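Hello,

Here is the structure I promised to pass on. Please have a look at it first, and then read my notes below.

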Amino acid sequence: MRIRQVLLNLLSNAARHTPEEGVIRVCAFSRVQEIVVEVENTGSTLSDEEIAHVFDRFYRTDPARQRATGGSGLGLAIVKSLIEAHGGSVWARSGRDAVTVGFAVPGGV
């Protein structure tokens, strides 16, 4: 149930930051003793400073965004908390024209 909440949160976040012509990709795979899931959205990027804080509570990458129009800044902090409670880890990275947020939890084949 909580992993479902994590996935919905990541997809919602990606949709909020993807322009109309952008693409959202979900990749999931199993490797030895863990399940890995990544959600990538094109059309946006994050600086190294933003990446460093993206999982912090109440952090918003755009300081001009207000809670009424852009979320509370808790979504990725909740993702991190839930994944770590499952014994997993989270990460975020930004490329030339895309942001990827992922997690790994114990399991797999």
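A word on terms before the findings: buried means under 20% relative accessible area, exposed means over 50%, and partly exposed is in between (1.4 Å probe, protein chains only). This is a predicted model, so local features need pLDDT of at least 70 and side-chain atom pairs count only at pLDDT 80 or more, while totals for chains, interfaces and linings use all residues. Residues are numbered from 1 along each chain as its sequence is written, and side-chain values use heavy atoms, with hydrogens and water left out.

Let me start with Glu38. Is Glu38 buried or exposed? Glu38 counts as buried because its relative accessibility is 15%. This residue sits in strand β2, residues 34-42 (strands are DSSP runs of E, at least two residues, and helices are runs of H or I, at least four, all numbered from the N terminus). The Glu38 side chain has a polar contact of 2.8 Å with the side chain of Trp91, and another of 2.8 Å with that of Arg93. Here a polar contact is a pair of N or O atoms within 3.5 Å; within protein, one must be able to donate a hydrogen and the other to accept it, and residues adjacent in sequence count only if both atoms are side-chain atoms. Beyond neighbours within four places in sequence, Glu38 is in contact (heavy atoms within 4.5 Å) with residues including Arg25, Cys27, Thr100 and Gly102.

Next, the strands around it. Strands pair if DSSP finds at least two bridges between them. The link from β3 to β4 is a hairpin of 3 residues. As for cover, 8 of the 9 residues of β4 (residues 98-106) are buried.

Glu34 is also worth a look in strand β2. Glu34 is partly exposed because its relative accessible area is 22%. Its side chain makes a polar contact of 2.5 Å with that of Arg31. The C-alpha atoms of Glu34 and Gly88 are 8.6 Å from each other, although 54 residues separate them along the chain.

Finally, Leu11 lies in helix α1, residues 2-16. With a relative accessibility of 33%, Leu11 counts as partly exposed.

Enjoy exploring!
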